[in-house]
Amino acid sequence: MEETLYYGRIDYFVVKYLETGVEVKKVDSQGRLILPADWREAEIGESRELYIIKRKGYLKIVPKRRVDLTENFDKVDLGVEAIGSWKQFEKKFYEAGT
């Protein structure tokens, strides 16, 4: 969907609705709080581990997830069929990085 104006253009983008919410929680005398059950089930799963990032004035809680390091192994193409010449490989490698 696009709308043209006299001095410019406005583009409309469809954004997936993100469910967000604000809940007031009490912290007990030992500094513990209870995370919402629906968020725990959806985001944490079985690992039950979180990253707690301390910032000035707030905490950021991010679920710890297992990362698949092999996901991107075959996505880099340096234009070298086989590494027959290491110098050629290094040249292509450093050219691709710039």
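Mentor: Start with a definition. A salt bridge is a side-chain nitrogen of Lys or Arg within 4 Å of a carboxyl oxygen of Asp or Glu. Keep in mind that this model is predicted.

Trainee: How many salt bridges does that rule give here?

Mentor: The general idea comes before the count. Side chains of opposite charge can pair when their charged atoms come close. In this chain the count comes to four salt bridges.

Trainee: Which residue forms a salt bridge with E43?

Mentor: R65 does, and the closest N and O atoms of the pair are 2.8 Å apart. Now place the two residues. E43 sits in helix 1, residues 37–44. R65 sits in the loop between strand 4 and helix 2. The pair therefore ties together parts that are 22 residues apart in sequence.

Trainee: Which other pairs can I look at?

Mentor: D28 is partly exposed, at 31%. Then find K25 and E23, whose side chains meet at 3.4 Å, N to O. K25 is partly exposed as well, with a relative accessible area of 38%.

Trainee: What share of the chain is buried?

Mentor: Of the 98 residues, 5% are buried. The chain exposes about 10500 Å², and carbon and sulfur atoms supply 54% of that area.

Trainee: In what order do the elements run?

Mentor: Read from the N terminus: β-β-α-β-β-α. That is two helices and four strands.

Trainee: How do strand 3 and strand 4 run, and how many bridges join them?

Mentor: They run antiparallel, and six bridges join them. For one example, I53 has K60 in strand 4 as its bridge partner. The two strands form a hairpin with two residues between them. There, G57 takes a positive phi near 95 degrees.

Trainee: Which elements have the highest and lowest mean pLDDT?

Mentor: Think of pLDDT as the predictor's confidence in each residue. Strand 3, residues 50–55, has the highest mean among the elements, 93. Strand 1, residues 2–4, has the lowest, 49. Over residues 1–5 the pLDDT is below 50, and this stretch has nine contacts beyond near neighbours in sequence. For the chain, the mean is 77, and 71% of residues reach 70 or more.

Technical notes: Residues are numbered from 1 along each chain as its sequence is written. This is a predicted model: local features need pLDDT of at least 70, side-chain atom pairs count only at pLDDT 80 or more; totals for chains, interfaces and linings use all residues. Side-chain values use heavy atoms; hydrogens and water are left out. pLDDT is the predictor's confidence in each residue, from 0 to 100. Contact means heavy atoms within 4.5 Å. Two strands pair if DSSP finds at least two bridges between them. Buried means under 20% relative accessible area, exposed over 50%, partly exposed in between (1.4 Å probe, protein chains only). Accessible areas come from the Shrake-Rupley method with a 1.4 Å probe; for residues, only the protein chains shown count as cover.
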